[in-house]
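Please keep the sequence and structure in view while reading.

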Amino acid sequence: MADIIQAKIYVNMTDLNTPLSRGRKNPGNKRAASRAVGTAVANSETMNDDTEGLAETKLHAFAELLFFAYRDFTGDPDAILKDFGFGRAHHRVLHFVNRHSGLRVADLLEILNITKQSLSRVLKQLIDQGYITQKAGAADRRERLLYPTERGKALAKRLAAPQLVRLRAALAAAGPEAETAIRRFLEAMINAEDRPKVSTITDPAALPVDLNDEGKPS
(Lines give C-alpha, C1' and ligand atoms only; values in the text may rest on other atoms or scores of the structure.)
Protein backbone atom coordinates (compact mmCIF):
# COMPACT_ATOMS: atom_id res chain seq x y z
CA MET A 1 0.00 0.00 0.00
CA ALA A 2 2.87 2.36 0.85
CA ASP A 3 4.43 1.68 -2.55
CA ILE A 4 1.20 2.51 -4.33
CA ILE A 5 0.81 5.75 -2.38
CA GLN A 6 4.43 6.58 -3.10
CA ALA A 7 3.84 5.97 -6.80
CA LYS A 8 0.99 8.48 -6.74
CA ILE A 9 3.28 11.03 -5.13
CA TYR A 10 5.87 10.51 -7.85
CA VAL A 11 3.27 10.98 -10.57
CA ASN A 12 1.85 14.09 -8.93
CA MET A 13 5.31 15.66 -8.50
CA THR A 14 6.12 14.91 -12.12
CA ASP A 15 2.92 16.55 -13.25
CA LEU A 16 3.69 19.62 -11.15
CA ASN A 17 7.24 19.90 -12.45
CA THR A 18 6.30 19.48 -16.10
CA PRO A 19 6.47 22.95 -17.78
CA LEU A 20 2.92 22.79 -19.20
CA SER A 21 2.50 26.55 -18.79
CA ARG A 22 5.07 27.09 -21.52
CA GLY A 23 3.37 24.56 -23.79
CA ARG A 24 6.43 22.37 -23.90
CA LYS A 25 6.61 18.65 -23.42
CA ASN A 26 9.23 16.92 -21.34
CA PRO A 27 9.58 13.29 -22.54
CA GLY A 28 12.25 12.60 -19.96
CA ASN A 29 9.95 13.41 -17.08
CA LYS A 30 7.16 11.32 -18.58
CA ARG A 31 9.50 8.37 -18.89
CA ALA A 32 10.61 8.89 -15.30
CA ALA A 33 7.01 8.98 -14.15
CA SER A 34 6.24 5.84 -16.14
CA ARG A 35 9.22 4.07 -14.61
CA ALA A 36 8.12 5.15 -11.13
CA VAL A 37 4.63 3.76 -11.63
CA GLY A 38 6.04 0.55 -13.12
CA THR A 39 8.38 0.12 -10.17
CA ALA A 40 5.57 0.74 -7.71
CA VAL A 41 3.34 -1.82 -9.40
CA ALA A 42 6.16 -4.35 -9.47
CA ASN A 43 6.89 -3.73 -5.80
CA SER A 44 3.20 -4.10 -4.98
CA GLU A 45 3.01 -7.42 -6.86
CA THR A 46 6.12 -8.63 -5.08
CA MET A 47 4.61 -7.61 -1.76
CA ASN A 48 1.38 -9.47 -2.58
CA ASP A 49 3.36 -12.56 -3.64
CA ASP A 50 5.30 -12.43 -0.39
CA THR A 51 2.09 -12.07 1.64
CA GLU A 52 0.43 -14.94 -0.19
CA GLY A 53 3.57 -17.01 0.15
CA LEU A 54 3.69 -16.35 3.87
CA ALA A 55 0.04 -17.31 4.23
CA GLU A 56 0.64 -20.52 2.28
CA THR A 57 3.63 -21.32 4.47
CA LYS A 58 1.47 -20.86 7.56
CA LEU A 59 -1.22 -23.11 6.09
CA HIS A 60 1.33 -25.82 5.38
CA ALA A 61 2.50 -25.48 8.99
CA PHE A 62 -1.09 -25.90 10.21
CA ALA A 63 -1.49 -28.96 7.97
CA GLU A 64 1.62 -30.47 9.51
CA LEU A 65 0.41 -29.66 13.02
CA LEU A 66 -2.86 -31.43 12.24
CA PHE A 67 -0.90 -34.43 10.97
CA PHE A 68 1.23 -34.70 14.11
CA ALA A 69 -1.74 -34.06 16.41
CA TYR A 70 -3.75 -36.80 14.66
CA ARG A 71 -0.74 -39.14 14.69
CA ASP A 72 -0.37 -38.91 18.46
CA PHE A 73 -4.11 -38.76 19.17
CA THR A 74 -4.66 -42.04 17.33
CA GLY A 75 -1.31 -43.53 18.36
CA ASP A 76 -2.39 -44.03 21.98
CA PRO A 77 -5.34 -46.34 21.21
CA ASP A 78 -3.46 -47.93 18.30
CA ALA A 79 -1.09 -49.52 20.78
CA ILE A 80 -4.05 -51.00 22.69
CA LEU A 81 -5.82 -52.19 19.52
CA LYS A 82 -2.78 -54.25 18.51
CA ASP A 83 -3.31 -56.50 21.53
CA PHE A 84 -6.76 -57.38 20.17
CA GLY A 85 -5.77 -57.70 16.52
CA PHE A 86 -7.91 -54.68 15.68
CA GLY A 87 -7.20 -51.50 13.72
CA ARG A 88 -8.54 -47.96 13.54
CA ALA A 89 -11.62 -49.06 11.58
CA HIS A 90 -12.65 -51.25 14.52
CA HIS A 91 -12.04 -48.35 16.88
CA ARG A 92 -14.24 -45.97 14.87
CA VAL A 93 -17.10 -48.48 14.67
CA LEU A 94 -16.90 -49.31 18.37
CA HIS A 95 -16.67 -45.63 19.34
CA PHE A 96 -19.85 -44.58 17.54
CA VAL A 97 -21.83 -47.68 18.50
CA ASN A 98 -20.83 -47.16 22.13
CA ARG A 99 -21.63 -43.45 22.09
CA HIS A 100 -24.87 -43.86 20.14
CA SER A 101 -26.29 -47.15 21.35
CA GLY A 102 -28.98 -48.42 18.99
CA LEU A 103 -27.34 -46.79 15.97
CA ARG A 104 -28.61 -48.02 12.61
CA VAL A 105 -26.13 -49.67 10.27
CA ALA A 106 -27.25 -47.22 7.56
CA ASP A 107 -26.38 -44.26 9.82
CA LEU A 108 -23.01 -45.76 10.70
CA LEU A 109 -22.20 -46.12 6.99
CA GLU A 110 -23.01 -42.45 6.49
CA ILE A 111 -20.96 -41.33 9.48
CA LEU A 112 -17.85 -43.31 8.53
CA ASN A 113 -18.26 -42.67 4.80
CA ILE A 114 -17.09 -46.16 3.88
CA THR A 115 -18.49 -48.94 1.68
CA LYS A 116 -20.93 -51.51 3.01
CA GLN A 117 -18.37 -54.20 2.24
CA SER A 118 -15.69 -52.51 4.36
CA LEU A 119 -18.07 -52.03 7.28
CA SER A 120 -19.41 -55.59 7.06
CA ARG A 121 -15.95 -57.09 7.49
CA VAL A 122 -15.11 -54.98 10.55
CA LEU A 123 -18.55 -55.25 12.08
CA LYS A 124 -18.59 -59.04 11.71
CA GLN A 125 -15.34 -59.30 13.68
CA LEU A 126 -16.67 -57.10 16.48
CA ILE A 127 -19.93 -59.05 16.63
CA ASP A 128 -18.28 -62.48 16.45
CA GLN A 129 -15.88 -61.56 19.25
CA GLY A 130 -18.63 -60.23 21.49
CA TYR A 131 -18.03 -56.48 21.43
CA ILE A 132 -21.19 -55.47 19.54
CA THR A 133 -24.59 -57.05 19.22
CA GLN A 134 -27.06 -56.53 16.40
CA LYS A 135 -30.85 -56.39 16.69
CA ALA A 136 -33.72 -55.88 14.27
CA GLY A 137 -35.60 -52.59 14.57
CA ALA A 138 -38.87 -52.68 16.51
CA ALA A 139 -40.76 -50.57 13.96
CA ASP A 140 -38.97 -51.87 10.89
CA ARG A 141 -37.61 -55.41 11.15
CA ARG A 142 -35.38 -54.76 8.15
CA GLU A 143 -33.40 -52.21 10.13
CA ARG A 144 -30.27 -53.44 11.89
CA LEU A 145 -29.59 -51.66 15.16
CA LEU A 146 -26.21 -51.88 16.85
CA TYR A 147 -25.54 -52.01 20.59
CA PRO A 148 -22.29 -52.33 22.55
CA THR A 149 -22.02 -55.31 24.87
CA GLU A 150 -20.50 -54.91 28.32
CA ARG A 151 -17.26 -56.18 26.80
CA GLY A 152 -17.56 -53.58 24.04
CA LYS A 153 -18.22 -50.76 26.50
CA ALA A 154 -15.15 -51.72 28.51
CA LEU A 155 -12.91 -51.72 25.44
CA ALA A 156 -14.36 -48.43 24.16
CA LYS A 157 -13.68 -46.85 27.55
CA ARG A 158 -10.14 -48.19 27.60
CA LEU A 159 -9.43 -46.85 24.10
CA ALA A 160 -10.91 -43.44 24.88
CA ALA A 161 -9.08 -42.97 28.19
CA PRO A 162 -5.67 -41.83 26.84
CA GLN A 163 -7.37 -39.65 24.21
CA LEU A 164 -9.44 -37.88 26.85
CA VAL A 165 -6.31 -37.25 28.91
CA ARG A 166 -4.59 -35.75 25.87
CA LEU A 167 -7.61 -33.60 24.97
CA ARG A 168 -8.02 -32.36 28.54
CA ALA A 169 -4.35 -31.36 28.72
CA ALA A 170 -4.45 -29.66 25.31
CA LEU A 171 -7.56 -27.64 26.16
CA ALA A 172 -6.04 -26.59 29.47
CA ALA A 173 -2.86 -25.48 27.71
CA ALA A 174 -4.87 -23.51 25.13
CA GLY A 175 -6.53 -21.46 27.87
CA PRO A 176 -10.09 -21.02 29.16
CA GLU A 177 -11.20 -18.90 26.19
CA ALA A 178 -9.90 -21.26 23.52
CA GLU A 179 -12.56 -23.97 23.60
CA THR A 180 -15.10 -22.03 21.54
CA ALA A 181 -12.52 -21.03 18.93
CA ILE A 182 -11.19 -24.59 18.66
CA ARG A 183 -14.69 -25.99 18.24
CA ARG A 184 -15.45 -23.38 15.57
CA PHE A 185 -12.20 -24.23 13.77
CA LEU A 186 -12.87 -27.97 13.77
CA GLU A 187 -16.46 -27.50 12.61
CA ALA A 188 -15.27 -25.26 9.77
CA MET A 189 -12.94 -28.04 8.61
CA ILE A 190 -15.96 -30.25 7.97
CA ASN A 191 -17.74 -30.08 4.61
CA ALA A 192 -20.44 -27.42 4.87
CA GLU A 193 -23.25 -29.76 3.85
CA ASP A 194 -22.30 -32.23 6.60
CA ARG A 195 -22.04 -29.76 9.50
CA PRO A 196 -25.71 -29.87 10.63
CA LYS A 197 -25.63 -33.68 10.75
CA VAL A 198 -22.31 -33.69 12.61
CA SER A 199 -23.65 -31.16 15.13
CA THR A 200 -26.53 -33.45 16.01
CA ILE A 201 -24.15 -36.38 16.42
CA THR A 202 -21.57 -34.57 18.56
CA ASP A 203 -24.02 -32.64 20.75
CA PRO A 204 -23.77 -34.20 24.25
CA ALA A 205 -27.42 -33.32 24.91
CA ALA A 206 -28.46 -35.46 21.94
CA LEU A 207 -26.83 -38.63 23.27
CA PRO A 208 -29.28 -41.46 24.07
CA VAL A 209 -29.82 -42.95 27.49
CA ASP A 210 -27.22 -45.62 28.23
CA LEU A 211 -28.67 -48.86 26.90
CA ASN A 212 -27.57 -52.42 27.41
CA ASP A 213 -26.96 -54.97 24.68
CA GLU A 214 -30.68 -55.78 24.58
CA GLY A 215 -31.60 -52.20 23.79
CA LYS A 216 -33.00 -51.54 27.28
CA PRO A 217 -31.91 -48.91 29.81
CA SER A 218 -29.01 -50.12 31.93
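## A loop residue

Is asparagine 113 buried or exposed? Asparagine 113 is exposed, because its relative accessible area is 69%, where buried means under 20%, exposed over 50% and partly exposed in between, with a 1.4 Å probe and protein chains only. Asparagine 113 lies in the loop between H4 and helix H5 (116–128), and although it is not a glycine, asparagine 113 has a positive phi of about 55 degrees.

## Basis and overall fold

The model is a predicted one, in which local features need pLDDT of at least 70 and side-chain atom pairs count only at pLDDT 80 or more, while totals for chains, interfaces and linings use all residues. Residues are numbered from 1 along each chain as its sequence is written, and side-chain values use heavy atoms, with hydrogens and water left out.

The protein chain has eight helices and three strands, these being DSSP runs numbered from the N terminus (helices H or I, at least four residues; strands E, at least two). Read from the N terminus, the order of elements is α-α-α-β-α-α-β-β-α-α-α. Of the 218 residues, 23% count as buried. Among contacts (heavy atoms within 4.5 Å) with a separation of 6 or more, 57% join residues 24 or more positions apart.

## Packing of H3 against H6

Helix H3 (residues 88–99) and helix H6 (residues 150–174) pack at an angle of about 105 degrees, with their axes 10 Å apart; axes are lines fitted to C-alpha atoms, for helices over the stretch in contact, and angles run from 0 to 180 degrees between N-to-C directions. H3 is therefore roughly perpendicular to H6, a class that covers 65 to 115 degrees, whereas angles under 35 count as roughly parallel, over 145 as roughly antiparallel and the rest as oblique. His91, Leu94 and Asn98 of H3 meet Gly152, Lys153, Leu155, Ala156, Leu159 and Gln163 of H6. These contact residues divide into four nonpolar, four polar and one charged, with Ala, Val, Leu, Ile, Met, Phe, Trp, Tyr, Cys and Pro counted as nonpolar, Asp, Glu, Lys and Arg as charged, and the others, Gly among them, as polar.

Leucine 159, which lies in helix H6, counts as buried because its relative accessibility is 0%. Leaving aside neighbours within four places in sequence, leucine 159 is in contact with Pro77, Ile80, Leu81, His91 and Leu94. Leucine 159 and histidine 91 are 68 residues apart in sequence, but 7.8 Å apart in space, C-alpha to C-alpha.

## Pocket and cavity

On a 1 Å grid over the protein atoms alone, a cavity is a set of points where a 1.4 Å probe fits but cannot get out, a pocket is an open set with protein on both sides within 12 Å along at least five of seven lines, and lining residues have an atom within 4 Å of a point. The largest pocket has a volume of about 2900 Å³ and is lined by 50 residues, of which Phe73, His95, Leu167, Leu186 and Thr202 lie nearest its centre. H6 gives the most to this lining, with twelve residues. By class, the lining of the largest pocket has 27 nonpolar, nine polar and 14 charged residues.

The structure holds one cavity of 30 Å³ or more, lined by Glu187, Ile190, Arg195, Val198, Ser199 and Thr202. H8 supplies the largest share of the cavity lining, four residues.

How values were computed. Points joined across faces, edges and corners; volume = space filled by probe spheres on them.
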